Amino acid sequence: MTSAVPDATRAAVLRYRVHAQQLDAGPAPSADPLAPTVLDPTVLDAGVQDTGPDGALWALALRGAKVRAGELPDALALAWTLRGAPHAYRRHELEAVEAAVRPWSARDAAQRVFDAARPLRAAGIDPRDALATAARTMRDVVTTPMPKGAVSTALTSRLPEPYLRWCRTCGATHVYEQTFRLAALHGGLELVPGTSPPVLRRVAGWPPDAVGRTDPPAPGGRHDVVRTALHLLGPSTPRLVAAYLDAPVGDVTARWPQDVHAVDVAGEPRSVLTADADALAAAHDGAPTPVRLLGPYDLFLQARDRELLVPDAPRRAALWPALGRPGAVLRDGEVVGTWRPRARGARLALEVDPWTTWDAATRGAVATEHERLAEFRGKRPA
């Protein structure tokens, strides 16, 4: 770690993240050959979580990509990766993504598969080997697009007892959920967009020698999940990045980048990538950033320093409830309220909960973003 850069204020950190995540990008022009393409948003380096009614596509639209609800471009692919959640990636980079999300150690794999780790270890099975076995088995099973339930049934008949659990909700025995999800991409399988329950299919051209591999790549590179988290959610710490990735702190620390500066954020020592230090410093005096309607699982809201994002505890509880998260109204990097969509036939209403008294400019900007969301969904604002 090199010498420290000036302390970073909370406002500067939030404004830096807005810029790093390209939330200050304008809507995509309708006819401009030089306009950003759907592959350009930097957040695709880390994966864009596809959870909720608008999911990854709205997150990309907010960052300047020209996309519409329910129409995932062929250039993008969906896969279960971080935390077992579905994420969108650039299709031509899926092999690199798969390597980047391989477990770093037996301890890391055990944490990723959650409750599946105990029976595996009791049977003397390394969780990394379990993911590899599940991946190879899934690859053998999914020769044509198959719904998740059918894949699970086939796996249950092929895998031994330590891989299986009795599910009281389903009233059936099946593979542990996280093992199932995390093994899919290691088996060269992607999710078919717009399917519920999910349908899995083989990724075209997947190299046979990559199926079931669990040896992690060396640190660094475009899709290194620690590095991308530090860039997009920084300044940060190994503890915060580990919480975001659902990985052991020790493994994250071992892969922590060397090209970082120390920076103090609200009295806490953190790190910022050397390449990002100037952008962080500029954020102190930067121009205000635009109003945005963030989806509930937008990357900006995935940072684990929630006390920094939303200092007020009751408001944090409102923004991140156990069930049914709302979206966030973001103004100059600050969450100033929540929103929920209310579809009414061909019209889309917006239910908002302002946390402060919004001035006319904020109300107007929210109305504009409401129109943008309605157009994205193919509806009219109500």
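What percentage of the 382 residues of the protein chain count as buried? Keep that in mind as you load the model, which is predicted. The figure is 52%.

**Stop 1: the whole chain**

You are looking at 15 helices and 15 strands. Now switch to C-alpha atoms. Along the principal axes, these atoms fill a box of roughly 60 × 55 × 45 Å. The radius of gyration is 21 Å, which agrees with the value near 21 Å for a compact globule of 382 residues.

**Stop 2: contacts along the chain**

Colour the chain by residue number. Take the contacts with a separation of 6 or more: 64% of them join residues 24 or more positions apart.

**Stop 3: the surface**

The protein chain exposes about 16600 Å². Carbon and sulfur atoms supply 54% of that area. Next, colour the charged side chains. There are 46 positive and 43 negative ones. The centres of the two sets lie 6 Å apart.

**Stop 4: arginine 15**

Select residues 10-20. This is helix α1, and arginine 15 sits in it. Is arginine 15 buried or exposed? Its relative accessible area is 13%, so arginine 15 counts as buried, the cut-off being under 20%.

Now show what surrounds this side chain. Leave out residues up to four places away in sequence. Arginine 15 then touches these residues:

- Ala283, His284 and Gly286, among others
- Ala287 and Thr289, also among them
- Asp332, another one of them

Select these partners together with arginine 15 to end the tour.

Definitions and conventions
Residues are numbered from 1 along each chain as its sequence is written. This is a predicted model: local features need pLDDT of at least 70, side-chain atom pairs count only at pLDDT 80 or more; totals for chains, interfaces and linings use all residues. Side-chain values use heavy atoms; hydrogens and water are left out. Helices (H or I, at least four residues) and strands (E, at least two) are DSSP runs, numbered from the N terminus. The radius of gyration is taken over C-alpha atoms; the globule rule is 2.2 Å times the number of residues to the power 0.38. Buried means under 20% relative accessible area, exposed over 50%, partly exposed in between (1.4 Å probe, protein chains only). Contact means heavy atoms within 4.5 Å. Accessible areas come from the Shrake-Rupley method with a 1.4 Å probe; for residues, only the protein chains shown count as cover. Lys and Arg count as positive and Asp and Glu as negative; His and the chain ends are not counted. The place of a charge is taken as NZ of Lys, CZ of Arg, CG of Asp or CD of Glu.
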